[in-house]
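Please look at the sequence and the structure together before reading on. This report goes through selected parts of the fold, one topic at a time.

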Amino acid sequence: MSVEKPRRKKRKVMGAASSSSSSNKGPPGLIPVSAVPLEIIEEIFHNLPYGQVIRHCGVVCKQWKEVADSESLWRERCRREGLVPRDVARCDWRKFYVLSKKRRNLLKNPIAEEEFKFWQIVSNGGNLWKIEDPMTPHPNENVRKNFVTSYSMCLKSQEINLKTEGYNALLMDKFQPAIKVSDWYSARWDCACEYKIKVELLNEKKKCIQTFEPEAVYLEQWNDQQWHQMTHVFTDYGPGVRFVRFVHGGQDRQFWAGWYGVRVTDSCVEVCPDN
């Protein structure tokens, strides 16, 4: 699917109606900003970082704000960078572009490359958490490690500060972008285990606004040892979301000494441009 290049209406040259106005006065040989066609201003904006266009260019003057806020500018930026929304007809192009550029996994160290760095151990039962190589290749070829639980409950968590990650209060409250959560889990072929996950959207005072906490998943003994994905998308959660708290883990159900519990890796929390 591709986005067609939008047709632009011809725009008036800024300041052309009054060549003797004070805005056209300046050193000989220099063209005043007010005399530059809006199409050229828009092309200049295409070559600036989007943050500068929003924060600085749009406050210079009325004409520049018109360009910085225009649908054609952001739709064209999306077209040039291959960013395609699911619903073109209803797309807010500026919102879609900005959220697409910001989109990334907000969880740090999701695939155990730095052992337990950035994770807070909530429960460390049995023989404690451990990091091992996957017993079965993961769908994500970049995954080389996974976290493994033991015979008593093992849980770990991470808290995401949305403002620190670039999602300010105005953006979160006005647009309430979708927040997508995913997690991968598996079991040893010879040991039954239990997998748990809980994700909370928190306000500024760390009080819960919305929660995703499905029932525990039980994987049976003598299973195929394949990876399974848990996903959820938060939408229409209302204003006030400032933090995301992610908790997951589990334990084995055979109560064997060692690390025969659930395996978890490639966890992800991301703010999405659309649902």
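## The chain as a whole

The structure shown is a predicted model. Its protein chain contains 6 helices and 11 strands, and of the 275 residues in the chain, 45% are buried.

## Helix H4 against helix H5

Two packed helices are described by the angle between their axes and the distance between the axes. For helix H4, residues 71–81, and helix H5, residues 93–102, the angle is about 40° and the axes are 8 Å apart. The crossing in which H4 passes H5 is left-handed.

On the side of H4, the contact is made by Glu-71, Trp-74, Arg-75, Arg-77, Cys-78 and Glu-81, while H5 contributes Trp-93, Arg-94, Phe-96, Tyr-97 and Lys-101. Sorted by class, this contact of H4 with H5 has 5 nonpolar and 6 charged residues, and no polar ones.

## Helix H1 against helix H4

H4 also packs against helix H1, residues 38–46. The axes of H1 and H4 come within 10 Å and cross at roughly 45°, and the two helices are therefore oblique to each other. Here H1 passes H4 in a right-handed crossing. The residues that make the contact are Glu-42, Glu-43, Phe-45 and His-46 of H1, together with Ser-72, Leu-73, Glu-76, Arg-77 and Arg-80 of H4. By class, the contact of H1 with H4 has 2 nonpolar, 2 polar and 5 charged residues.

## What covers H4 and H5

The buried residues of H4 are Ser-72, Leu-73, Trp-74, Glu-76, Arg-77 and Cys-78, and they pack against H1, helix H2 (50–55), helix H3 (62–68) and H5. After H4 comes Gly-82, which has a positive phi, near 70°.

In H5, 7 of the 10 residues are buried, so this helix is largely enclosed by the rest of the structure. The buried residues of H5 are Trp-93, Phe-96, Tyr-97, Val-98, Leu-99, Ser-100 and Lys-102, and what covers them includes H2, H4, helix H6 (169–175) and S11.

## Aromatic pairs

A pair of aromatic rings is described by the distance of the centres and the angle of the planes. A search of the whole structure finds 12 such pairs. One of them joins Trp-119 and Phe-147, whose rings are edge-to-face, at 6.0 Å centre to centre and with 70° between the planes. Trp-119 lies in the loop between H5 and strand S1 (120–124), whereas Phe-147 is in strand S3 (residues 146–148), so the pair ties together parts that are 28 residues apart in sequence. Both Trp-119 and Phe-147 are buried.

The rings of Trp-256 and Tyr-260 have their planes at 85° and their centres 5.2 Å apart, so this pair is edge-to-face. Trp-256 counts as partly exposed because its relative accessibility is 30%, and Tyr-260, at 24%, likewise counts as partly exposed. Ring pairs also link Phe-116, Trp-119, Trp-129, Phe-147 and Phe-246 into a cluster.

Is Thr-265 buried or exposed? With a relative accessible area of 0%, Thr-265 is buried, and its place is in strand S11 (residues 263–271). Apart from neighbours within four places in sequence, Thr-265 is in contact with Pro-110, Ile-111, His-138, Val-143, Lys-145, Asn-146, Asp-183, Trp-184 and Trp-227.

Trp-227 is placed in the loop between strand S8 (217–219) and strand S9 (228–234), and with a relative accessible area of 9% Trp-227 is buried. Leaving out residues up to four places away in sequence, Trp-227 touches several residues, among them Pro-134, Thr-136, Pro-137, His-138, Asn-146, Trp-184, Arg-263 and Thr-265. Along the chain, Trp-227 and Thr-136 are 91 residues apart, yet their C-alpha atoms are separated by 7.7 Å.

Technical notes:
Residues are numbered from 1 along each chain as its sequence is written. This is a predicted model: local features need pLDDT of at least 70, side-chain atom pairs count only at pLDDT 80 or more; totals for chains, interfaces and linings use all residues. Side-chain values use heavy atoms; hydrogens and water are left out. Axes are lines fitted to C-alpha atoms, for helices over the stretch in contact, and angles run from 0 to 180 degrees between N-to-C directions. Helices (H or I, at least four residues) and strands (E, at least two) are DSSP runs, numbered from the N terminus. A crossing is left-handed if the near helix is turned anticlockwise from the far one by less than a right angle, and right-handed if clockwise. Contact means heavy atoms within 4.5 Å. Ala, Val, Leu, Ile, Met, Phe, Trp, Tyr, Cys and Pro count as nonpolar, Asp, Glu, Lys and Arg as charged, and the others, Gly among them, as polar. Rings of Phe, Tyr and Trp (its six-membered ring) pair if their centres lie within 6.5 Å; planes under 30 degrees apart count as stacked, over 60 as edge-to-face and the rest as tilted. Buried means under 20% relative accessible area, exposed over 50%, partly exposed in between (1.4 Å probe, protein chains only). Angles under 35 degrees count as roughly parallel, over 145 as roughly antiparallel, 65 to 115 as roughly perpendicular and the rest as oblique.
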